Amino acid sequence: MSKLRWAVQFIVLGIANLGFIQVLKIGVPCPFFYCHACPAAAFACPIGLLQNYAILQQVPFYALGVVGLFGLALGRFWCGWACPFGLVQDLVSLVRRGRPRDILRLPRVAWVKFAVLVVAIFLAWIALDTLFCKICPAGSLFAAIPQRFVSTEFSFGTFFYVHLATLAVALVLFVLVGRFWCRFLCPMGAVLGLFNPVSILKVRVDFDKCSRCEDCLSVCPAKIEKLEDIDSCTDCTRCGKCIESCASDAIKFSASLKR
Amino acid sequence: MRSHSLLIIRLVLLLAFIAFVAGFVVSQYDYVRSLVTVLCLSCIGIG
């Protein structure tokens, strides 16, 4: 399954960049974290949209509807299987191959990403500017650095260096802590995490088969601490590592309207 | 009982999101798309 996940992540990265063909810049909000200031972006970043609508003092009903439909279907599956910034974190974590546990062990703190989401929108509303985008490491990697090479409008000013600094700090943290951004800071993960308890796709534990060995919890990149939480907590990215690790075959993806 | 309430919650959310998209796609899609087509360099502070 991990090979399939890698393949899907790279394919989605390619699809997210189809905007290098102008007609494919469709601008639909995407259910993952990818900057729409990237020269090749095909989709709009929901967090950028929420900030821009906060500046306009309007409710982004269309964007909320699109992201809501994505979230209701798959929850944070998008984080684990589609997000280009998640792919970057997975690639960076390869440098500590053979050492699956985090170098820097941090406790699970689920609320921080929700605070980042609220603060990002509140600051946009108060300051009438997309302040979060100006320090966003995904914006640094996918937009600021590529724009440096392709855009004639590029300003080699303060915020470019701010972007480089935030990206450098983020990359170091990704080496030290697996999926650091997804676990602690991602506002898009916060939005999609709200749908985990009600999404149609879930990761289910069959407690009749489960031996309580907790191998699944030991490999979990989201550092979920209880078997009962796998089903519906806001941190699970549906990456499927728990499914692969389960010797009892007690954990499975499940899609049902009623359960 | 729990499965019924979950089904109802999903249906309510599904209908609400479809209504959001159907009701506002005409008035809001052009602005959303403009963020991608007219590159938002000022958004990230480099334009």
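Q: What percentage of the 259 residues in chain A do buried residues make up?
A: This is a predicted model, where local features need pLDDT of at least 70, side-chain atom pairs count only at pLDDT 80 or more, and totals for chains, interfaces and linings use all residues. Residues are numbered from 1 along each chain as its sequence is written, while chains are lettered from A and ligands numbered from 1 in the order written. A residue is buried if 20 or more other C-beta atoms, placed from the backbone, lie within 10 Å of its own, exposed if 12 or fewer do, and partly exposed in between. For chain A, the buried share comes to 47%.

Q: What radius of gyration does chain A have?
A: The C-alpha trace spans about 60 × 40 × 35 Å along its principal axes. For 259 residues a compact globule would come out near 18 Å, and chain A agrees with that, at 18 Å.

Q: Which helix gives the most to the side of domain 1 of chain A that touches domain 2 of chain A?
A: In the contact between them, 16 residues of domain 1 meet 13 of domain 2 (C-beta atoms, placed from the backbone, within 7 Å). Three helices, α1 (2-16), α4 (77-81) and α10 (180-185), each supply at least two residues of domain 1's side; helices are DSSP runs of H or I, at least four residues, and strands runs of E, at least two, numbered from the N terminus. With 4 residues, the top contributor is α4(A).

Q: How many residues of the contact of α2(A) with α6(A) are nonpolar?
A: Helix α2 (46-55) packs on α6 (112-127) with axes 7 Å apart, at about 35°; axes are lines fitted to C-alpha atoms over the stretch in contact, and angles run from 0 to 180 degrees between N-to-C directions. On the α2(A) side, Ile47(A), Leu50(A), Gln51(A), Ala54(A) and Ile55(A) meet Ala120(A), Ile121(A), Ala124(A) and Trp125(A) of α6(A). Sorted by class (Ala, Val, Leu, Ile, Met, Phe, Trp, Tyr, Cys and Pro are nonpolar, Asp, Glu, Lys and Arg charged, the others, Gly among them, polar), there are no charged residues and 1 polar. The nonpolar count is 8.

Q: How many of the 10 residues of α2(A) are buried?
A: The buried set includes Pro46(A), Gly48(A), Asn52(A) and Tyr53(A). Ile47(A), Leu50(A), Gln51(A) and Ala54(A) are buried too, and they also belong to the contact with α6(A). So α2(A) is mostly covered, and its buried count is 9.

Q: Why is α5(A) described as largely enclosed, and how many of its residues are buried?
A: Among its buried residues are Pro84(A), Phe85(A), Val88(A) and Asp90(A). The buried residues pack against α1, α4, α8 (137-150), α9 (158-176) and α10. Helix α5 (84-93) has 10 residues and is largely enclosed by the rest of the structure because the number buried is 7.

Q: How many C-beta neighbours inside 10 Å does Thr237(A) have?
A: Thr237(A) sits in the loop between α12 (215-219) and α13 (241-245). Its contacts beyond four places in sequence are Arg76(A), Cys79(A), Gly80(A), Cys182(A) and Ala222(A). Trp78(A) is 159 residues away in sequence, yet 7.3 Å away C-alpha to C-alpha. Thr237(A) counts as buried because its neighbours number 27.

Conventions: Contact = placed C-beta atoms within 7 Å. Rg over C-alpha atoms; globule rule 2.2 N^0.38 Å.
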